[in-house]
Amino acid sequence: MSTPAPTYESATARLEEIVRRLDSGEAGLRETLDLCQEGRGLVEFCAAELDAVAAGLQELRLDELVARLERSPTEEAS
Amino acid sequence: MSAGPASSRPSGIPGVTEPGPFPVGAYAGKLRDYLRQRARVQIFGEVWNLKASKAKVYFELRDTSGAVPCAMWRDAFDALGLPADSLADGTQVVVAGGPDYYVGGRAASPSFSFDVTGLRVAGEGDLLAQLEALRRTLAAEGLFEPQKRLARPVLPRTIGVVTGEGGKARDDVLAALHRRGWAGRLVWAFAPVQDRHAAPAITRALQDLAATGEVEVIVVARGGGSMADLFAFCDETLCRTVALLRVPVIASVGHHTDRPLIDDVAAERCSTPTHAAEAAVPLHPGRERERVGRAAGRLAHHGRRAVIDRARALAVQSAAPARHVRRERARLHQRLRELRAAATRQTDARRAGSGRFALVLDRKAASAAGPERVDRRRGLDAALAALAAHDPERTLARGYALVEDPNGPPATLVTTAEGARQAGIVRIRFADGAAHAAVDPTPEPEPDPHPDPTVPPTPGAP
């Protein structure tokens, strides 16, 4: 078993691999159940990645971002 | 002019000793006249930003230390008969002429220009040669590669864009990201994109975007322009900064025919800001959602079927042993029948053999023991007759009786009178049965000394 993929690309690649393996019908029961479980984790990861870029366009200027980043450490400290 | 300049002449500035004030139009005319009196000369440099209007052709003559705006009458320019593309940006030319000043008017801007009366093409410009030299230097230092080796996120959450604040590029980037279905965080870093402040401002913007640590990819976008306009994107410091930036930079500067140096050092070059925005988000989030959805569907399908299908397969397989057993049983029965048939055949054969053997033995025995058997039979018959003669039962049949003591062991004979008296009760056995008799204990007087032993005692006598 691989640990949850760190990037969207590797996650989808592994997911496709799992689906191909399952579609081939060669996986035994134990392997099928394991693959299904691993695949569900990957789907959740990918869905979260997609949600992150679909939350709604947020536009800000560089100076605003810098100001926000400079402010946040003090907020965390207070 | 609605009013005569002289009638509305204002008073001068108090304390200022210069003559005047004069009307500006008059001064502009004097300036033009003054400039036109300057010596007419030949100068050389590179042609940049050639533009033609109906009446005049305009361009800049540049070298590394300065530039002069030039204007040439259109008919004089056309009379040169130059090929269409012979005055591309950077072309080295020699021009003849002198300074001139267009005084403008109420609705037209004044402008200074070098009035060109003659022109000769001298060769490719130094600026382009210097640009190529810088390109070779950066390439030799391996600075074209680092950006290309950076990992590119396929779904960046935060994108930085360096562009002019009022430019069309900004709208193009927004529209392209919208079409992609990308709706993450967009950080605008506005910077001048064509004057001498441009290169340092863009460099700083890039560094700041990278320094936030949140921007995953940067788009540098600028619409088309002359190569001179794009020189900011050939700046050495800017290009070295891009090359060593840890965030991938996608450049879309000028038209696709232009080749500013930033194109070489960036992770990717695109012909338009639209393409650059698409390159920044390589995956289409909407389509990806469908793809992941399909994969999830397949997983769910297999998850459900994993058990059901196997249960069915097991049910099919579970019938196999029964079939096997039936087959084996049939075969065993067949074998059994064969064995029985074989055994029957064999025992019949043996029985026939044994019968013959017994017959032979019988005959052999008869022939071997024949005469002796006859003699033995005769001896036995004689012994049997002798035995029968002595059988007490035969004696009883003849009328004798046996006296037995019923208290002793069975068949204990009482053979003396004294014995009978002592027994008290005796059992007298006749041929047809037995009877008990009591014996008088008193002794008998001396009997007849010669009794006939052959006369049986009177039946029933005590």
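A residue counts as buried if 20 or more other C-beta atoms, placed from the backbone, lie within 10 Å of its own. By that cut-off B:Cys70 is buried, because 24 other C-beta atoms lie within 10 Å. The model described here is predicted.

## Surroundings of B:Cys70

B:Cys70 belongs to strand β3 of chain B, residues 66-73. Leaving aside neighbours within four places in sequence, B:Cys70 is in contact with B:Tyr58, B:Phe59, B:Glu60 and B:Leu61, and also with B:Val95, B:Ser113, B:Phe114 and B:Val116. B:Leu50 is 20 residues away from B:Cys70 along the chain, and the C-alpha atoms of the two are separated by 9.4 Å.

Strand β8(B) covers residues 217-222; six of its six residues are buried, so the strand is largely enclosed by the rest of the structure. Both of its faces are covered. On one side the buried residues are B:Val217, B:Val219 and B:Ala221, and on the other they are B:Ile218, B:Val220 and B:Arg222.

β8(B) pairs in the parallel sense with β6(B), residues 158-163, over four bridges. In that pairing B:Val162 stands opposite B:Val220. β8(B) also pairs in the parallel sense with β9(B), residues 249-253, here over five bridges. B:Ile218 stands opposite B:Val249 of β9(B).

## The sheet β11-β12-β13 of chain B

Strands of a sheet pair through backbone hydrogen bonds, either parallel or antiparallel. An open sheet of three strands in chain B has the order β11-β12-β13, with antiparallel pairing. Its edge strands are β11 and β13 of chain B, each of which pairs on one side only. Neighbouring strands of this sheet are turned by 30 degrees against each other on average, direction ignored.

β11(B) spans residues 402-404 and β12(B) residues 425-430, and three bridges connect them. B:Leu402 has B:Arg429 of β12(B) as its bridge partner. β12(B) is joined to β13(B), residues 433-438, by six bridges. These two strands form a hairpin with two residues between them.

| Strands | Sense | Bridges |
|---|---|---|
| β6(B) and β8(B) | parallel | four bridges |
| β8(B) and β9(B) | parallel | five bridges |
| β11(B) and β12(B) | antiparallel | three bridges |
| β12(B) and β13(B) | antiparallel | six bridges |

## Chain A and its helix pair

Chain A holds three helices and one strand, in the pattern α-α-β-α along the sequence. Of its 78 residues, 26% count as buried.

Two packed helices are described by the angle between their axes and the distance between the axes. The axes of α1(A), residues 8-24, and α2(A), residues 29-52, come within 9 Å and cross at roughly 150 degrees. The crossing is left-handed. From α1(A), the contact takes A:Tyr8, A:Ala11, A:Thr12, A:Arg14, A:Leu15, A:Ile18, A:Arg21 and A:Leu22. These meet residues of α2(A) that include A:Leu35, A:Glu38, A:Leu42, A:Phe45 and A:Glu49. By class, the residues of this contact are ten nonpolar, three polar and four charged.

The buried residues of α2(A) are A:Thr32, A:Leu35, A:Cys36, A:Gly39, A:Leu42, A:Val43, A:Phe45, A:Cys46, A:Glu49 and A:Leu50. An α-helix has 3.6 residues a turn, so residues three or four places apart point the same way. At 1.5 Å a residue, the 24 residues of α2(A) should span 34 Å; the end C-alpha atoms of α2(A) are 35 Å apart, which agrees.

## Contact between the chains

The contact takes 33 residues from chain A and 27 residues from chain B. On the side of chain B that touches chain A, the elements giving two or more residues are β7 (185-190), α6 (198-211) and α10 (285-390). The largest share of this side, twelve residues, comes from α10(B). By class, this side of chain B has 16 nonpolar, four polar and seven charged residues.

Strand pairing also links the two chains. Strand β1(A), residues 58-61, runs parallel to β7(B) and is joined to it by four bridges. A:Arg61 of chain A stands opposite B:Trp188 in β7(B).

Terms used
Residues numbered from 1 in each chain as written. Chains lettered and ligands numbered in written order. Predicted model: local features only at pLDDT ≥ 70, side-chain atom pairs only at ≥ 80, totals over all residues. Contact = placed C-beta atoms within 7 Å. Nonpolar A, V, L, I, M, F, W, Y, C, P; charged D, E, K, R; others polar. Pairing = 2+ DSSP bridges. Axes fitted to C-alpha atoms, helices over the stretch in contact; angles between N-to-C directions. Left-handed = near helix turned anticlockwise from the far one by under 90°. Expected span 1.5 Å × (residues − 1). Buried ≥ 20, exposed ≤ 12 C-beta atoms within 10 Å, placed from the backbone.
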